[in-house]
Amino acid sequence: QVRLVESGGGSVQAGGSLRLSCAASGAIKSNLCMLWFRQNGGLEPEGVASIYTLTGGSHYADSVKDRFAISQDIPKKMLYLEMNNLKVNDTAIYYCAARPSPQWWCQTFRRRNEYDHWGQGTQVTVSS
């Protein structure tokens with residue numbers, strides 16, 4: 001069983017930065033698609049950024065390109081999301097998720113229930 005625990009959320013003003021972390025533990029496979037989702041209220045979860053652990057290849061939502069950066073530290077089993085120039089509409093609960101997959105599968109954001117493992121989420125609030 002894989003366990004994911006997010007941290008690093010908080011409240012910032014628009015234009016500010018935050019760095020989210022996701023600590024993974026348990027039976028970690030090498031070919032994981034790991035990603036960050038976010039959900040604001042009753043809206044559908046939105047894929048933000050993904051990374052394929054074997055190659056480090058990444059994929060971003062258009063809304064966060066050039067502002068967010070996903071990265072990993074494989075020995076430490078950590079996933080990160082560096083968020084810069086935050087906007088009010090980035091406000092959401094951010095979740096870390098994972099699923100073993102081939103790389104091509106990881107290049108498209110899937111429905112939430114297609115990912116095997118989820119963390120509990122961390123709140124990000126951006127004020128104007």
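Reader: Why is lysine 65 called partly exposed?

Author: Lysine 65 has a relative accessible area of 44%, and the label covers values between the two cut-offs, with buried meaning under 20% and exposed over 50% (1.4 Å probe, protein chains only), so lysine 65 counts as partly exposed. This is a predicted model, in which local features need pLDDT of at least 70 and side-chain atom pairs count only at pLDDT 80 or more, while totals for chains, interfaces and linings use all residues. Residues are numbered from 1 along each chain as its sequence is written, and side-chain values use heavy atoms, with hydrogens and water left out.

Reader: What makes the contact of lysine 65 with aspartate 62 a salt bridge?

Author: The term asks for a side-chain nitrogen of Lys or Arg within 4 Å of a carboxyl oxygen of Asp or Glu; the N to O distance here is 3.2 Å, and therefore the pair qualifies.

Reader: Why does the bridge between arginine 111 and glutamate 114 still count?

Author: Its N to O distance is 3.8 Å, which is within the limit, so the name applies. Arginine 111 is exposed at 58%, whereas glutamate 114, at 21%, is partly exposed.
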